[in-house]
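I opened this notebook to record what I looked up in one structure. The entries are grouped by topic.

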Amino acid sequence: MPFIEIIDRDAAQETRAKATRALTDGLCEAFSIKPEIVTCYYFSAPEYSYGHAGKHGADAENFRIFIKVHAFPRPQEAKAAAARAMTDGVVAAYGANPKDVIVYFFDRAPSDAFHAGLASA
């Protein structure tokens with residue numbers, strides 16, 4: 001814990017490697033955690049499986065990259081710092097417009113996380 005879910009569009013391995021480093025570094029710096037506990041999962045949303053603003057596929061005006069961070073609760077300032085750093089890293093890795101990078105934080109209570117079947121709390 002934490003883990004990061006990234007929904008992108010069939011990115012190259014090199015792009016995802018660069019993004020993984022940037023996302024991990026940004027989260028670690030903002031949350032004062034070690035990279036050994038951060039995991040990234042990538043999910044592709046091909047053109048035919050994406051819609052935005054009521055438009056589907058190639059008709060969608062822009063493709064957004066969604067980042068979902070599942071972590072123990074942190075102060076709002078730490079989340080804001082993490083969001084800025086992770087957005088900057090994704091923009092650099094993908095060449096995306098910052099407005100098309102969306103970061104959501106999902107706070108998880110330590111009592112809801114289990115490793116090897118044992119509660120983290």
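**Basis.** I worked from a predicted model, in which local features need pLDDT of at least 70, side-chain atom pairs count only at pLDDT 80 or more, and totals for chains, interfaces and linings use all residues. Residues are numbered from 1 along each chain as its sequence is written, and side-chain values use heavy atoms, with hydrogens and water left out.

**Helix pair.** I took helices (H or I, at least four residues) and strands (E, at least two) as DSSP runs, numbered from the N terminus. I looked up helix α1 (residues 13-31) and helix α2 (residues 76-94), and found that their axes come within 8 Å and cross at roughly 165°. Axes here are lines fitted to C-alpha atoms, for helices over the stretch in contact, with angles from 0 to 180 degrees between N-to-C directions. α1 and α2 are therefore roughly antiparallel to each other; that term requires an angle over 145 degrees, while under 35 counts as roughly parallel, 65 to 115 as roughly perpendicular and the rest as oblique. I noted the crossing of α1 and α2 as right-handed, meaning that the near helix is turned clockwise from the far one by less than a right angle.

I then listed the residues in contact (heavy atoms within 4.5 Å). On the α1 side they include Ala-19, Ala-22, Leu-23 and Gly-26; on the α2 side they include Lys-79, Ala-82, Ala-85 and Gly-89. The residues of this contact divide into 15 nonpolar, three polar and three charged. In this division Ala, Val, Leu, Ile, Met, Phe, Trp, Tyr, Cys and Pro are nonpolar, Asp, Glu, Lys and Arg are charged, and the others, Gly among them, are polar.

**Two helix residues.** Lys-79, in helix α2, is buried at 12%. Leaving out residues up to four places away in sequence, Lys-79 touches Phe-31, Arg-74, Phe-105 and Asp-107. Thr-24, in helix α1, has a relative accessible area of 7% and is therefore buried. With the sequence neighbours up to four places away left out, Thr-24 touches Pro-35, Val-38 and Cys-40.

**Cysteines.** How many disulfides does the rule give? I counted zero, taking a disulfide as a pair of cysteine sulfur atoms within 2.5 Å. Cys-28 is in no disulfide, the nearest cysteine sulfur being that of Cys-40, 9.4 Å away. That separation is too far for a bond. Cys-28 is buried at 9% relative accessibility, and Cys-40 is buried at 18%.

**A loop proline.** I located Pro-110 in the loop between β6 (101-107) and β7 (114-115). Its relative accessibility of 33% counts as partly exposed. Pro-110 touches Phe-72, Pro-73, Ser-120 and Ala-121, not counting residues up to four places away in sequence.

**Backbone angles.** Most residues other than glycine have a negative phi. Asp-10, in the loop between β1 (3-8) and α1, has a positive phi of about 40°. Ser-32 lies in the loop between α1 and β2 (39-44), and its phi is positive as well, near 55°. I recorded Ser-32 as exposed, with a relative accessible area of 69%.

Key
Buried means under 20% relative accessible area, exposed over 50%, partly exposed in between (1.4 Å probe, protein chains only).
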